[in-house]
Amino acid sequence: MTLTDERSSSHEETAVNPKLERKAHRRESWRGFLHAVPAYVYLIIFFVLPLIIVYVFSFASRSRTGRPELEGWNVDSWTRLTDELVRTIVTRSLWMAILNTVLCLIIGYQFAYWIATRRSQKVRSFLLILVLIPFWSNFLVRTYAWRMLLDSDGYITQIGELTGLWGRMLFTIPAVFIGLLYGYLPFMVLPLYAAIERIDWSLVEAARDLYASGVKAFLRVTLPLSKPGIIAGSILVFIPSLGAYVTPDILGGAKTTLLGNFIVTQFGAARNWPFGSALSGAILIVMLLATIVYFRTGGRTV
Amino acid sequence: MKRLMILIAAVALIGAACGSDSDPTTTAGSGTDAPTTEAPPEGAQAMADACALGETDGDLNLYNWTEYIPTGSVAEDAEVTDLVKKFEDEFGVDVVLTEYDSNEVMLAQIDAGVGYDVIVPSDYMVSIMKDAGLLIELNQDVIPNMANLGAEFTDLPYDPGNLYSAPYQWGTTGIGYKYGEIDDSEGVSWGVIFDPDMAAANAGYISLLDDERETMGAALIYLGYSLNSTSEAEVDEAAALIKETKDLIAAFNSADYTDLLTAGETMVGQGWNGDFLFAYDEASTDDYDAYEDFGYAIPIEGAAAWVDTMAIPSTVEHPCTAQAFINFMLDAVNGAELTNYNYYASPNEAAEEFIWEEILEWDAIYPPDDVVERLEFFADLGDFNNYYADAYSAAKS
């Protein structure tokens with residue numbers, strides 16, 4: 001009796017009052033908007049405005065002392081982006097960022113998989129906290145700590161010399177990669193963990209029941225299901241790797257100019273804000289486009 | 001979308017308004033009623049001119065190089081007077097000390113309008129800032145201690161007559177090294193860094209400064225050119241040399257290269273004389289004398305010399321306190337304490353009486369006349385500075 005009553009009344013409402021419902025909907029979305037206002041205001045003041053300023057400055061000219069002047073608008077800074085110097089630096093930075101992302105993915109995937117497949121929730125939480133602990137101290141301090149590990153008296157050098165496999169690694173390319181891998185691995189592990197943990201393992205079981213080998217079940221079921229984590233992790237690692245400048249400076253001896261260092265120089269010693277702005281602006285556009293394409297193609301196949 | 005366009009338009013308007021705000025200083029020169037080139041704002045100059053001897057007009061915002069003035073525990077360890085505290089006590093004002101590690105970084109701050117009272121630019125930076133109208137003229141009446149300066153420091157090319165700047169300390173950019181690692185029997189050559197054969201022995205244990213003028217300057221001197229060369233071919237050659245040297249060096253480093261040397265991570269390094277000596281002092285303990293292991297040399301091909309000065313930026317807020325401070329630092333006793341602390345030579349002749357004997361006799365700090373002849377000052381190269389910046393970036397890429 002009550003059941004039929006309810007059903008009929010709800011039926012009546014949707015049928016009779018579409019206007020009321022739309023109104024409620026609108027009120028709901030208006031309330032949602034109000035909740036988002038602080039975030040909008042914050043992002044507009046601290047993200048959109050500075051970004052626009054960067055693009056405005058990229059068309060500015062410079063005084064003799066290098067002060068950017070908002071007059072004499074020109075596109076010189078943008079045309080300079082095609083210089084051979086810029087292309088060399090961009091190529092090298094891209095190469096390093098891609099390699100670091102791949103390294104993080106290979107090591108991070110196994111680690112995240114291992115954490116996510118622990119039975120006990122407590123063990124998983126504990127392992128995740130271990131991943132987060134390095135963030136409790138400053139990145140710069142941790143990079144200097146690596147310098148001590150890698151220098152002549154450091155443990156890593158001593159192990160290498162004992163086994164005869166390597167010598168002092170400080171100020172070499174491997175040292176830079178050790179620093180980058182160390183710095184960005186957590187950014188890969190966390191989203192991968194989130195994705196792998198959510199996987200419905202009965203699907204893997206089903207694959208095995210249908211005579212898929214362990215490798216095949218992983219490649220056809222687990223890997224595609226963890227794709228969102230791979231995409232998010234890769235983006236989180238790739239973008240900061242591309243702009244990294246502390247690590248190559250401290251562990252690599254500042255011997256190779258990367259994009260990050262190059263941009264910093266423009267705002268410091270070289271005092272060329274317009275060129276620095278054009279560089280940052282161009283990278284942002286490229287990254288944005290790449291991310292959109294990546295998400296689009298990634299999103300369709302999942 | 002429409003809202004976004006309105007936002008962009010609004011921002012553009014704000015930008016334009018800011019642009020016109022800064023116009024008075026930048027375009028006054030091109031205006032018809034102001035024929036002089038970029039002049040600093042009238043107010044600061046007039047205020048500075050009206051100061052009386054020893055007068056203060058507020059706290060001092062001092063913008064100095066890292067660890068360049070004795071203060072706090074560092075001064076205590078070095079057993080010298082805390083000059084910041086002494087000034088505070090004597091004049092009853094507070095000193096806010098901010099530090100930088102590059103002339104260009106300091107210039108960017110002043111250019112952006114940050115209100116420091118006293119800055120410590122190097123020689124070539126004085127001419128850049130002076131020409132850009134970023135310095136005010138010193139009121140010589142309230143800085144009588146200018147008379148303490150040695151004759152050779154009163155008429156230097158970057159600021160003849162010390163109208164805008166008062167010399168603070170001077171020094172050289174040479175080579176610090178571990179004894180026994182390089183051949184120094186007939187003097188030290190820049191070849192220990194730039195000649196592949198000579199440098200091979202220390203491959204991977206050499207450091208160069210990370211500074212477009214200093215690093216390029218050393219390469220230019222090694223090649224037999226002036227460190228102020230404005231020849232594109234010569235600068236390109238120096239950049240190519242640095243690029244080739246990259247395989248032999250450990251790091252480009254201007255921040256802690258002296259620690260790398262005393263820690264054994266480098267054997268040879270380009271750097272500033274006082275920095276090396278300061279580090280050797282710090283590395284020494286009661287049982288260990290680092291001076292037995294490490295030395296400093298001005299290379300036989302020549303080297304860069306520089307004078308750091310005290311100047312008052314056009315953004316000054318307390319010009320009277322600023323000038324009182326400059327006069328205070330030029331005092332004979334205070335000038336001596338400065339040298340006793342940072343191991344750079346003093347331009348203050350009257351101070352020599354109070355400088356420790358061992359410092360005055362130290363060739364690395366007060367080089368003998370025949371060495372002084374090999375030194376060259378950096379000059380402001382105007383627009384050619386950009387060529388150095390690009391060549392240096394290219395060398396490192």
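The C-alpha centres of domain 1 and domain 2 of chain A sit 37 Å apart. Those two domains cover residues 2–57 and 77–301 of chain A, respectively, with bounds that come from an automatic or database domain assignment. All of this is read from a predicted model, in which local features need pLDDT of at least 70, side-chain atom pairs count only at pLDDT 80 or more, and totals for chains, interfaces and linings use all residues. Residues are numbered from 1 along each chain as its sequence is written, while chains are lettered from A and ligands numbered from 1 in the order in which they are written.

How far can chain A be trusted? Its mean pLDDT (the predictor's confidence in each residue, from 0 to 100) is 87, and 93% of the residues of chain A reach 70 or more. Residues 1–10 of chain A are another matter: pLDDT stays under 50 there, and the model gives this stretch 0 contacts beyond four places in sequence. Two residues count as in contact if their C-beta atoms, placed from the backbone, lie within 7 Å. Where pLDDT is low, the predicted coordinates should not be read in detail.

Helix α8 of chain A runs over residues 173–197, and its 25 residues span 35 Å from first C-alpha to last, close to the 36 Å expected at 1.5 Å a residue; the expected span is 1.5 Å times one less than the number of residues. Even so, α8(A) bends by about 40° at Y184(A), with a proline, P186(A), following within four residues. The bend is the angle between axes fitted to the seven residues ending at a residue and the seven starting there.

Turning to chain B, there are 18 helices and 10 strands, taken as DSSP runs numbered from the N terminus (helices H or I, at least four residues; strands E, at least two). Its domain 1 takes in 42–169 + 306–366, and its domain 2 takes in 171–305 + 378–396. Their C-alpha centres are 27 Å apart, and each of the two domains of chain B puts 13 residues into the contact between them. On the domain 1 side, helix α7 (residues 123–131) of chain B gives the largest share, 4 residues.

Between the chains, 28 residues of chain B are in contact with 28 residues of chain A. Elements giving two or more residues to the chain B side are α1 (2–21), α6 (103–111), β6 (251–252) and α18 (385–396) of chain B.
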